[in-house]
Amino acid sequence: DLIAVGADVDDVLRAAAWPQGKGCVLVIGHQPTLGMVGAHLLGADGDGMSLRKGAILWIEGRTESGRRNVLRAALTPELV
């Protein structure tokens, strides 16, 4: 197993091959880890993001131009 209970942000990103991986990656998990991963990718480390059960974050990774990660969508379960 690449990720287990107690995984941290670095564990999740390593398992997802972020940012070196090619193509799309879907990560499913629980709070507070996913909120901490989302906050880290968007440059807002700390306590993390507050996410409700069933929420979806779509984060586009950095490109060769050096652009920062971009939040493309944040959807609550009611919008899914």
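Q: What makes the contact between the side chains of Arg72 and Glu60 a salt bridge?
A: In this predicted model, the side chains of Arg72 and Glu60 meet at 2.6 Å, N to O. A salt bridge requires a side-chain nitrogen of Lys or Arg within 4 Å of a carboxyl oxygen of Asp or Glu, so the pair qualifies. The pair links distant parts of the chain, with Arg72 in strand E2 and Glu60 in strand E1, 12 residues apart.

Q: Why is Glu60 called partly exposed?
A: Its relative accessibility is 28%. Buried means under 20% and exposed over 50%, so Glu60 falls in between. Arg72 is likewise partly exposed, at 42%.

Q: What makes Glu78 and Arg52 a salt bridge?
A: The closest N and O atoms of Glu78 and Arg52 are 2.9 Å apart, and the cut-off is 4 Å. Glu78 lies in the segment after strand E2 and Arg52 in the loop between H2 and E1, so the pair ties together parts that are 26 residues apart in sequence.

Q: Why is Glu78 classed as exposed?
A: The relative accessible area of Glu78 is 55%; exposed means over 50%, so the term applies.

How values were computed
Residues numbered from 1 in each chain as written. Predicted model: local features only at pLDDT ≥ 70, side-chain atom pairs only at ≥ 80, totals over all residues. Heavy atoms only, no water. Helix = DSSP H or I, 4+ residues; strand = E, 2+ residues; numbered from the N terminus. Buried < 20%, exposed > 50% of the residue type's maximum accessible area, 1.4 Å probe, protein only.
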